[in-house]
Amino acid sequence: KAEVHTVEHVLAAVAGLGIDDLVIDITALEPPILDGSFQPFAQALAEAGSVDHGGEVVEDAVADAFHFGEGDSLYLVGPSKVGLHLDVSIEFPHPLIGRQARGFGITPEVFTAELAAARTFGFVREVEALRAKGLIAGGSTDNAVVLDETGVVGTTLRWPDEFVRHKAGDLVGDLALVGGRVRAQIVATKPSHRGNVALGRELVRHV
């Protein structure tokens, strides 16, 4: 009977840091956006520390290769000997983005150094359309990378390829919904939240 939205940033921090047992109490429809990245959640979790409760880690290891598509999002998935490895590519008709591609072997160290600080992004034309519908009232350049036709508005990029890094982090967070540590090699082309969540459902059939 309850719904919680926009959980990918906090779940990315949880999964990226390798935390398996966690209770999150939330009194709103979604977690706070903070600066639009995964870093505030990851930093808070790291500062709080973790405790080893023993037992065995639940691992969702892909047993056979498969491909999956949802809308414009395409995924090639195969077995992995060690953990989760992502090869992510995106393409947007904007001079600062174009086509970007990066690969990441997801470990707590890699997530913290390479993905955690990457912020969500959007375009001025989208912001105006959403606000006209009464949405994203708290959205600003303080919690997202906003792009106009030629560049970014009111901020500077943390990496030239911050966009694909954030998409990779989103995929980590969305796949956390599977419920265990995903062990797979995933090539993701134009990943989206809708595609990622659908991939998670499909992935469960192959573990």
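Contact here means heavy atoms within 4.5 Å. The model described is a predicted one.

By this criterion, S80 touches R183, A184 and Q185, leaving out residues up to four places away in sequence. S80 is found in the loop between strand 3 and strand 4 (84–92). The residue is buried, because its relative accessible area is 9% and the limit for burial is under 20%. Its side chain also makes polar contacts with backbone oxygens. The side chain of S80 reaches the backbone oxygen of V82 at 3.0 Å. A polar atom of the S80 side chain also lies 3.0 Å from the backbone oxygen of G83.

G78 belongs to strand 3 (residues 73–78). This glycine is buried as well, with a relative accessible area of 12%. Residues up to four places away in sequence aside, G78 touches V62, A65, A184 and Q185.

Helix 1 (residues 8–16) is largely enclosed by the rest of the structure, because eight of its nine residues are buried. The buried residues are E8, H9, V10, L11, A12, A13, V14 and G16. Their cover includes helix 2 (39–48), helix 3 (108–115), helix 5 and helix 6. Helix 1 is followed by G18, which has a positive phi near 75 degrees.

The packing of helix 1 on helix 5 was examined next. Their axes are 7 Å apart, and the packing angle is about 80 degrees. The two helices are therefore roughly perpendicular to each other, since angles of 65 to 115 degrees fall in that class. On the helix 1 side, the contact is made by E8, H9, L11, A12, A15 and G16. Helix 5 contributes H166, G169, D170, V172, G173 and D174. By class, the residues of this contact divide into four nonpolar, five polar and three charged. E8, H9, L11, A12 and G16 of this contact are also among the buried residues of helix 1.

Helix 5 (residues 162–175) also packs on helix 6 (residues 193–204). Here the axes come within 9 Å and cross at roughly 40 degrees. Helix 5 and helix 6 are therefore oblique to each other. The crossing of helix 5 past helix 6 is right-handed. An α-helix has 3.6 residues a turn, so residues three or four places apart point the same way.

Backbone geometry was considered next. Most residues other than glycine have a negative phi. L34 is not a glycine, yet its phi is positive, about 55 degrees. L34 lies in the loop between helix 1 and helix 2. With 40% relative accessibility, L34 counts as partly exposed. K190 is not a glycine either, and its phi is positive, about 50 degrees. This lysine lies in the loop between strand 8 (181–189) and helix 6. K190 counts as partly exposed, at 39% relative accessibility.

L29 lies in the loop between helix 1 and helix 2, where L34 is also placed. L29 counts as exposed, because its relative accessibility is 58% and the threshold is over 50%. Apart from neighbours within four places in sequence, L29 is in contact with E3, V4 and H5. L29 and T6 are 23 residues apart in sequence, with a C-alpha to C-alpha distance of 8.5 Å.

Conventions. Residues are numbered from 1 along each chain as its sequence is written. This is a predicted model: local features need pLDDT of at least 70, side-chain atom pairs count only at pLDDT 80 or more; totals for chains, interfaces and linings use all residues. Side-chain values use heavy atoms; hydrogens and water are left out. Axes are lines fitted to C-alpha atoms, for helices over the stretch in contact, and angles run from 0 to 180 degrees between N-to-C directions. Helices (H or I, at least four residues) and strands (E, at least two) are DSSP runs, numbered from the N terminus. Angles under 35 degrees count as roughly parallel, over 145 as roughly antiparallel, 65 to 115 as roughly perpendicular and the rest as oblique. A crossing is left-handed if the near helix is turned anticlockwise from the far one by less than a right angle, and right-handed if clockwise. Ala, Val, Leu, Ile, Met, Phe, Trp, Tyr, Cys and Pro count as nonpolar, Asp, Glu, Lys and Arg as charged, and the others, Gly among them, as polar. Buried means under 20% relative accessible area, exposed over 50%, partly exposed in between (1.4 Å probe, protein chains only). A polar contact is a pair of N or O atoms within 3.5 Å; within protein, one must be able to donate a hydrogen and the other to accept it, and residues adjacent in sequence count only if both atoms are side-chain atoms.
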